[in-house]
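Welcome, and please have a look at the model below before reading on.

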Amino acid sequence: MSPGKLPAILSRLFDRFRMNPFAPDRLRHVAPSGRILAAASAAALLVPLVTARCLSPESAGYGTHRQLGLPPCTIVAFWSVRCPACGMTTAWSHVVRGRIWAGARANLGGVLSALMAMGAIGGLAWTALLGRRPRWLPGLNGAAWLLAGIAAIAATDWTVRILLE
């Protein structure tokens, strides 16, 4: 394969997932209603991050959600096994404090979803302010693939935790 063909191949691959950084600017333009939606979406993603910052991460690696008045995890109560979401709130609470490794010990999927939310806030704010989607911000298909990847990593992380307990 010649080096000249690589950008064309990458462009087709990115087009497949609607996250092409080589897309022309006309395809990245956002209508005024889209700008409003981007601002609202950024604000909605900011809420759980601010909430996580207000919570103190539990040293056990899970249970931080109890500070919100929520009940203990039903799966842990019945079967004494952590559920796939155990440690998610703790992970977010660590990530907003910059403690990525501590968050990964609590729940790897939680760290990845918090980081994705932070990146999405930046991209959505850019879109709302400037009226065009940044080249690095994936479209809906790209975001769906990212979420599916995070879910697969979270499930793998949970399986490993179950097997090591």
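This is a predicted model: local features need pLDDT of at least 70, side-chain atom pairs count only at pLDDT 80 or more; totals for chains, interfaces and linings use all residues.

Residues are numbered from 1 along each chain as its sequence is written, and side-chain values use heavy atoms, with hydrogens and water left out.

Let us start with the nonpolar cores, meaning sets of buried Ala, Val, Leu, Ile, Met, Phe, Trp, Tyr and Cys residues joined through side-chain atoms within 4.5 Å. Buried stands for under 20% relative accessible area, exposed for over 50%, and partly exposed for in between (1.4 Å probe, protein chains only). The largest core has 12 residues in all, including Leu49, Trp92, Val96 and Ile121. Two or more of its residues come from each of helix H2 (32-54), helix H4 (88-95), helix H5 (100-106) and helix H6 (108-130), and H6 gives the most, with 4 residues. Helices here are DSSP runs (H or I, at least four residues), numbered from the N terminus. A second, separate core of 5 residues includes Ala38, Ala42, Ala120 and Leu124.

Leu49 is in contact (heavy atoms within 4.5 Å) with Trp92, Val96, Ala114, Ala117, Met118 and Ile121, leaving aside neighbours within four places in sequence. Its helix, H2, has 23 residues and reaches 33 Å from first C-alpha to last, close to the expected 33 Å; that expectation is 1.5 Å times one less than the number of residues. Ala38, Ala42, Leu49 and Ala52 are buried in H2, and the buried residues of H2 pack against H4 and H6.

| Residue | Relative accessibility | Class |
|---|---|---|
| Ser80 | 60% | exposed |
| His94 | 12% | buried |
| Asp157 | 15% | buried |

Ser80 sits in the loop between helix H3 (74-79) and H4. Its phi is near 55°, a positive value in a residue other than glycine. Most residues other than glycine have a negative phi.

His94 belongs to helix H4 and touches Pro57, Arg99, Ala102 and Gly103, not counting residues up to four places away in sequence.

Where does Asp157 meet Arg161? Their side chains join in a salt bridge at 3.0 Å, N to O, the rule being a side-chain nitrogen of Lys or Arg within 4 Å of a carboxyl oxygen of Asp or Glu. The count by this rule comes to 1 salt bridge. Because Arg161 and Asp157 are 4 residues apart in helix H7 (residues 140-164), about one helical turn separates them.
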